[in-house]
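This report describes one protein model for a reader who is new to structural description. Please keep the sequence and the structure in view while reading.

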Amino acid sequence: LYSNLSKPSIDIVLFSRKLSKSLGPEGPLLMIGYFALCSLVLRGLQPPFGQLAADEQKFEGEYRLHHSRLIAHSEEIAFYNGGHREKLYINNAFENVMTHLRKVYAARWRIGFADAILVKYVATIVGYSVVSIPIFFSDARILSYLLPIVATRHSGADSETGAASDIAGQYTRNSRLLLQLAGSVGRVILAGKEINRLTGYVQRVANLRDVLEDLSHHNAV
């Protein structure tokens, strides 16, 4: 969690400061606001991956339990001719695992598709649109409605930044910074999804700990 959250968070602060110098604070704020909106939309579409991970561990544990019981009591099962019944138990446990995994993979595909559309493709369009505002809307009156701070800087520096090479260099630099900012925010969003999966494993471990504590309490009594 530290490596997945600390570096992207620091990158967001650094890239936002660099972009604020050329685009004004509205530029990075627009991108961060867009990603915040995407996060809310994805959170509404996202299934409870924590509970799904806990259920996955439960079904896999039951499947392994049936195999372990078959190995431990193989002689008794063979003596009483119980192979057919044990086969039904194992097949039912396997079918539960497969049904649940199909459900999990279908949910991951749906949320991954929405994630790719919103966080990657649409975010790229929004990012390039923000970077292009000072370039294509060079009129100070129009620019003042879009990015007020950039309009002030742009109107006072037309003589210095009017050359095509300066405009191209500014556009390229801002584009790279904005893409890096978008990548950092995207990694934070993906880290949040991994945290949801982690909660499922934590829930299973917590249940196991409760059971062990109950057993130790009854043994002590």
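## Basis of the description

A residue is called buried under 20% relative accessible area, exposed over 50%, and partly exposed in between, as found with a 1.4 Å probe on protein chains only. By that definition H66 is buried, with a relative accessible area of 18%.

The model is predicted, so local features need pLDDT of at least 70 and side-chain atom pairs count only at pLDDT 80 or more, while totals for chains, interfaces and linings use all residues. Residues are numbered from 1 along each chain as its sequence is written, and side-chain values use heavy atoms, with hydrogens and water left out.

## Overall architecture

The protein chain contains nine helices and zero strands. Both kinds of element are DSSP runs numbered from the N terminus: helices are H or I runs of at least four residues, and strands are E runs of at least two. Read from the N terminus, the order of elements is α-α-α-α-α-α-α-α-α.

Of the 221 residues in the protein chain, 29% count as buried. A contact means heavy atoms within 4.5 Å. Among contacts in the protein chain with a separation of 6 or more, 79% are between residues 24 or more positions apart.

## The packing of α1 and α2

Helix α1 (residues 2–23) and helix α2 (residues 26–45) pack with their axes 7 Å apart, at an angle of about 135°. This angle makes α1 oblique to α2. Axes are lines fitted to C-alpha atoms, for helices over the stretch in contact, and angles run from 0 to 180 degrees between N-to-C directions. Angles under 35 degrees count as roughly parallel, over 145 as roughly antiparallel, 65 to 115 as roughly perpendicular, and the rest as oblique.

On the α1 side, the contact is made by I12, S16, L19, S20 and L23. On the α2 side, E26, G27, P28 and I32 take part. By class, this contact has five nonpolar, three polar and one charged residues. Here Ala, Val, Leu, Ile, Met, Phe, Trp, Tyr, Cys and Pro count as nonpolar, Asp, Glu, Lys and Arg as charged, and the others, Gly among them, as polar.

Helix α3 has 24 residues and spans 34 Å from its first C-alpha to its last, close to the 34 Å expected at 1.5 Å a residue. The expected span is 1.5 Å times one less than the number of residues in the helix.

The buried residues of α3 are F49, G50, L52, A53, A54, E56 and H66. Which residues does H66 touch, not counting those up to four places away in sequence? They are Y89, I90 and A93.

## Salt bridges

Side chains of opposite charge can pair when their charged atoms come close. A salt bridge is a side-chain nitrogen of Lys or Arg within 4 Å of a carboxyl oxygen of Asp or Glu. The structure holds four salt bridges.

In one of them, the side chains of R69 and E86 meet at 3.1 Å, N to O. R69 lies in helix α3 (residues 49–72) and E86 in helix α5 (residues 83–136), so the pair ties together parts that are 17 residues apart in sequence. R69 is partly exposed at 32% relative accessible area, whereas E86 is buried at 11%.

Another joins R209 and E213, whose closest N and O atoms are 3.4 Å apart. Both residues lie in helix α9 (residues 164–220), four residues apart, about one turn of the helix. R209 is exposed, at 58% relative accessible area, and E213 is partly exposed, at 41%.

V130 belongs to helix α5 and is buried, with a relative accessible area of 5%. V130 and P28 are 102 residues apart in sequence, yet their C-alpha atoms are 8.7 Å apart in space.

L45 is in helix α2 and counts as exposed, at 55% relative accessibility. The C-alpha atoms of L45 and R110 are separated by 8.9 Å, the two residues being 65 residues apart along the chain. Leaving aside neighbours within four places in sequence, L45 is in contact with I111 and A114.

## A positive phi in a loop

N81 is placed in the loop between α4 (74–79) and α5, and N81 is exposed, with a relative accessible area of 69%. The phi of N81 is near 55°, a positive value in a residue other than glycine. Most residues other than glycine have a negative phi.
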